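Biologist: I am new to this structure. Please pick a part, look at it closely and tell me what lies around it.

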Amino acid sequence: MKIIDLTLELYDGLVTNNDLPAIGIKDEPLEHKGKHDSLPKGFRTKLISFSDHSGTHVDVPSHFSVNEESFENIKLKKMFGDALILDVSMLKATDEPVTKDLLEEAERRQGVYVEKDDIVLIRIWGQEWGKEGFFEAQALDNSVAEWFIEKQVHIVGLDLPNADSNQDSESGIHQKLLNNDIYIVENLVNLEKLPKHSRFLFFGIPLKLKNATASPIRALSILDSQLI
């Protein structure tokens, strides 16, 4: 069994979305709580703070509607299963959005095709996460959202911090996908290590966060056809 970690490493001060605060991972001072003397020697703990949309994370319908599904009742069966990658990183410039035609071209080139209930990962950036131009790169256009809705996939995942184009202040791609019960995973890494011509298993289990609009996940792929 070969496991590939698709998760961005988090550290203190990391910014994974320019509209969100930096991640904080700091030593937690315990003395002021009056507990220092009762703790075992060498005891350490960290105070962690971040937006629920930090790092490699999954968005669910509550991202845009307070009455929609949140993480205490997320459909966990959607978060693991049969997956494929579509690599469009060499088919477009970074300032051009991903279109349905580009994804269908990637299907033809790779010989793998999107099916109902699939988890579809899209390699768009094609470079090291966070390098110059990363936060300005264009993601998905409306034709892609309509295509995935028609295909009835479970998850759309990508290696950018936002599934929407930077000019879309209404987050139209998010709203269309989430309103059709398609989860969105952002900030994936190591997509170049995945097989382009065959399927694999994907796991991305979120934290059980009540009333959250997203959750960091540990995204993994398992390259063993016997497990599918």
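Modeller: Leu76 is partly exposed, at a relative accessible area of 42%. Here buried means under 20% relative accessible area, exposed means over 50%, and partly exposed lies in between (1.4 Å probe, protein chains only). This is a predicted model, where local features need pLDDT of at least 70, side-chain atom pairs count only at pLDDT 80 or more, and totals for chains, interfaces and linings use all residues. Residues are numbered from 1 along each chain as its sequence is written, and side-chain values use heavy atoms, with hydrogens and water left out.

Leu76 sits in the loop between β4 (57-59) and β5 (80-87). Helices (H or I, at least four residues) and strands (E, at least two) are DSSP runs, numbered from the N terminus. Together with Phe80 and Ile205, Leu76 makes a nonpolar surface patch of about 260 Å² accessible area. Patch members have over 30% relative accessible area and no salt bridge; like charges are joined within 9 Å, and nonpolar side chains (Val, Leu, Ile, Met, Phe, Trp, Tyr) within 5 Å. A salt bridge puts a side-chain nitrogen of Lys or Arg within 4 Å of a carboxyl oxygen of Asp or Glu. Areas come from the Shrake-Rupley method with a 1.4 Å probe; for residues, only the protein chains shown count as cover.

Now go inside. In helix α2 (residues 142-151), the buried residues are Val144, Ala145, Trp147 and Phe148. Down the axis of α2, they fall within an arc of 165°, so they line one face of the helix. That arc is taken from the directions from the helix axis to the C-beta atoms. Their cover includes β5 and α3. Contact here means heavy atoms within 4.5 Å. Gln152 follows α2 and has a positive phi, near 60°.

From Ala145, step to His174. The two are 29 residues apart in sequence, yet 8.5 Å apart in space, C-alpha to C-alpha. His174 belongs to helix α3 (residues 172-179). His174 counts as buried because its relative accessibility is 3%. Its side chain makes polar contacts with the side chains of Asp164 (2.4 Å) and Glu186 (3.0 Å). A polar contact is a pair of N or O atoms within 3.5 Å; within protein, one must be able to donate a hydrogen and the other to accept it, and residues adjacent in sequence count only if both atoms are side-chain atoms.

Next comes Asn187, in the loop between β8 (183-186) and β9 (200-206). Asn187 is buried, at 0% relative accessibility. Its phi is positive, near 65°.
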